[in-house]
Amino acid sequence: MGWIVIIVLVLAGVVAYDLTQTKHAILRNFPIIGHFRYWLETIGPELRQYIVTNNDEERPFSRDQRRWVYASAKKENNYFGFGTDNEVELASNYLIIKHATFPYRPPKPHNATEASLHPVPVAKVLGGWRDRRKKFRPASIINVSAMSFGSLSSAAIMALNRGCAQSGCLHNTGEGGISPHHDQGGGLVYQLGTGYFGARSADGNLDIDKLVETAERFNVRAIEIKLSQGAKPGKGGVLPGAKVTPEIAKIRGIPEGVDCLSPAYHRAFSSPDELLDVVERIADATGVPVGIKAAVGDLGFWHELARLMSETDRGVDYIQIDGGEGGTGAAPLVFSDHVALPFLVGFSRVYPIFAEAGLSDKIVFVGSGKLGFPERAVLAMALGCDMVMVAREAMLAIGCIQAQKCETGHCPTGVATQNKWLVRGLDPTNKANRLANYMATFRHDMGQLANACGLAHPSGFTLDHVEILDGRFGSASAREVFKYQPGWGLPSEADSAALLAELGLAAAAAK
Ligand SMILES: Cc1cc2nc3c(=O)[nH]c(=O)nc-3n(C[C@H](O)[C@H](O)[C@H](O)COP(=O)(O)O)c2cc1C
């Protein structure tokens, strides 16, 4: 009898601890049972060695990739011992970054406080070419891609925004409008989807006065017109009714508990020409740079946009290309799996159109689609991206375990749900630190890779720095694969010089 009382007391103590601690969302939401996850995780490698999967299986993100994000976010040792477990020579499309014999030697040691955040600013000034009133140099080459409050929880949005504030990253609001949870100090990219939430007239059209009001009320640094998203291009958005709480209904101006559908098309424009007019109107009214986000399908739009931008006095300040492999809160399988080109294919078709039109130095290029890992980000930058946006990798950093239940409202970690009990498990302060750590570690790795290749800054990567193995003991340089001309993918000499001068760095390695 005495033993039973002791066991009950111990269990009650564990429950009390689990419910009140703020580090682990799983334990807060599933006291006691949650501990099994950690125990199983500890013996996972041994179990997997015999029965389940290896470190590079599981999608969208492999165990190795998730482990790297988790370890970086916790500032734990993210080194991998004993050498690679990849069959490097036998793998096809395997990326190799080619280091220099003599790595870059920085001319001065970093300031210690700065160094802990590993700031790596963007080589171009956003809005510089069109001379927007509130143009600025983004402080981080890695930023958080669009995910709305609605598809993510209030606690997750708070964690992302605070983490962005700490690490100097931009935080894209997603198409669901701006909520008070977005207002935690992090700079916002305010996304306008077809629902124009937060800037919507009674008949569902874009209302510029409301847009200005919203942009001025919050810390909006840039505005993004979402043309499409890799996971569901041409589909419009759907927020399942289960996630349309009274709060979300109020922010968006829609009925509670009912599926919220954003149309597939924009009411404010229906051609590249009209799009450019809207971009200029928004930029004039708000003063902030205005960009577009799109997945790549038909190339006609991009040719026409480049032509109009070269021939008229109008232009977008940035272009974000989202890969078909990108994430979503909810989409039909066929759209996720089969519509829109993957990032590497899509981006490498669009960038040359603007390079050939002489516009690539003027536009900030942004990439997304599983780019939250250094080797993928290096290739993206070599292809011409000035910065990359990460969505699901940021979710992993704040505790997502890739349960792939975003569309059900039952996300066990409180990241992609509106269930109050589950959301309570996610402590925004603790997870904000995790996001900031992930960003800092990621930038640190990018800086180290650049230095290993003899470069002062990751913007110097070109396709000559990357080789792609073919799985048959052969390989090709990325330049051959993507058919890029010399000079493509790099910022202009003037932009590079201005960046390095700001950072106090020399272009070439110090002797
Ligand atoms: C839960 C979730 C919600 C998203 N919501 C939006 C959105 O509102 N607008 C948008 O343009 N993209 C949205 N995306 C797509 C991401 O912004 C990003 O483009 C895509 O996931 C690729 O990045 P990743 O591979 O790093 O996740 C969402 C993605 C996820 C996972």
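In the predicted model, three strands form an open sheet in the order β1-β12-β13, with antiparallel pairing. The edges of this sheet are β1 (92-97) and β13 (475-477), each of which pairs on one side only. From one strand to the next, the twist averages 25 degrees. Three bridges join β12 (residues 466-470) to β13 in the antiparallel sense, and Glu467 stands opposite Ser477 in β13. Helix α13 (residues 374-383) packs on the sheet, where it touches β1 and β12. The direction of α13 makes about 80 degrees with that of β1.

The domain assignment divides the chain into domain 1 (1-52) and domain 2 (112-503). The centres of domain 1 and domain 2, taken over C-alpha atoms, are separated by 37 Å. Six residues from domain 1 and 11 residues from domain 2 take part in the contact.

The nonpolar interior was examined next. In soluble globular proteins, nonpolar side chains tend to be buried together. The largest nonpolar core of the model comprises 132 residues, and those with the most contacts inside it are Val388, Ile398 and Leu435. Helix α16 (residues 428-452) gives the most to this core, contributing 10 residues. Because domain 1 (1-52) and domain 2 (112-503) both give residues to the core, it lies between them. When residues up to four places away in sequence are not counted, Val388 touches Ile141, Ile142, Val366, Gly367, Ser368, Leu371, Ala377 and Ala380.

Helix α6 (residues 154-167) was considered separately. At 1.5 Å a residue, the 14 residues of α6 should span 20 Å, and the end C-alpha atoms are 20 Å apart, in agreement with that expectation. Of the 14 residues of α6, 12 are buried, and the helix is therefore largely enclosed by the rest of the structure. The threshold applied here is that a buried residue has 20 or more other C-beta atoms within 10 Å of its own. The buried residues of α6 are Ser154, Ala155, Ala156, Ile157, Met158, Ala159, Leu160, Asn161, Arg162, Gly163, Cys164 and Ser167. Just after α6, Gly168 adopts a positive phi of about 75 degrees.

How values were computed. Residues numbered from 1 in each chain as written. Predicted model: local features only at pLDDT ≥ 70, side-chain atom pairs only at ≥ 80, totals over all residues. Helix = DSSP H or I, 4+ residues; strand = E, 2+ residues; numbered from the N terminus. Expected span 1.5 Å × (residues − 1). Core = buried A, V, L, I, M, F, W, Y, C linked by C-beta atoms within 7 Å. Domains from an automatic or database assignment. Contact = placed C-beta atoms within 7 Å. Pairing = 2+ DSSP bridges. Axes fitted to C-alpha atoms, helices over the stretch in contact; angles between N-to-C directions.
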